[in-house]
Amino acid sequence: MATGDEQATPISPGSDGTPVPAGTAVIRLGPKPPLKNLNDPGHAKLALGQAWEGLFAFSESERKLASPRLSVWLTALTTPAQAWLLVGANWKNVILVNLRVDQVRIVFAPGTASTPETPRLDVVWEQATTVDSNDPLQRISETRPGCQGHCGIDGLYRGTKAQRGKLRELLTDTVQPGDLVVLTDEQIAQFQAAVTSA
């Protein structure tokens, strides 16, 4: 799987909301399109090895953030196995999509006569958090391996509903052939084994 042009110098996480370095790549994990809805256009796109808009839909927890960002992981600091574990070790998360940061940053939704165009998307550093085992309603800083690579795609939740849909559509267009991978049962089992050994 391509991972973009990773920089030769080591990367250190920046403060929350600051841009990640240019020339890097991020990964997003998600489930296949729902089997209960075979009319979901994601099924046809997945069959062609293409990304679909549903991969970039916000989760309930992401929508509730003060600054909603789509959770992704910098490949220079987080492996696919680490990312899979950090997002909950869910066996349904078998889709791994690679995004080039420089391509993400050119995406914006055009305006209309009554609505201005949206700002361009960005990929920014974001502190990874996890549920507090002592209080399920609270979140605390994540400390497991790979957490340093957490970042977010900023700007997908701006503009009108139509513009937000357009942003997701245009984001899928940045995914190049070979950048969407369906994880095999063997790969998931290896990821799961890492849970028990961690």
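Biologist: What makes Pro-19, Val-20, Pro-21 and Ala-22 count as being in contact with Arg-105?

Modeller: Contact means heavy atoms within 4.5 Å. Leaving aside neighbours within four places in sequence, Arg-105 meets that with Pro-19, Val-20, Pro-21, Ala-22, Arg-120, Leu-121, Asp-122 and Val-123. Do keep in mind that this is a predicted model, where local features need pLDDT of at least 70, side-chain atom pairs count only at pLDDT 80 or more, and totals for chains, interfaces and linings use all residues. Residues are numbered from 1 along each chain as its sequence is written, and side-chain values use heavy atoms, with hydrogens and water left out.

Biologist: Thanks! Why is Arg-105 called buried?

Modeller: Buried means under 20% relative accessible area, exposed over 50%, and partly exposed in between (1.4 Å probe, protein chains only). Arg-105 has 19%, so it is buried. By that definition, 38% of the 198 residues of the protein chain count as buried.

Biologist: What makes the Arg-105 and Asp-122 side chains a polar contact?

Modeller: The term asks for a pair of N or O atoms within 3.5 Å; within protein, one must be able to donate a hydrogen and the other to accept it, and residues adjacent in sequence count only if both atoms are side-chain atoms. The two side chains make such a contact at 2.6 Å.

Biologist: And where does Arg-105 lie?

Modeller: Arg-105 sits in the loop between α4 (101-104) and β4 (122-125). Helices (H or I, at least four residues) and strands (E, at least two) are DSSP runs, numbered from the N terminus. The protein chain has six helices and eight strands.
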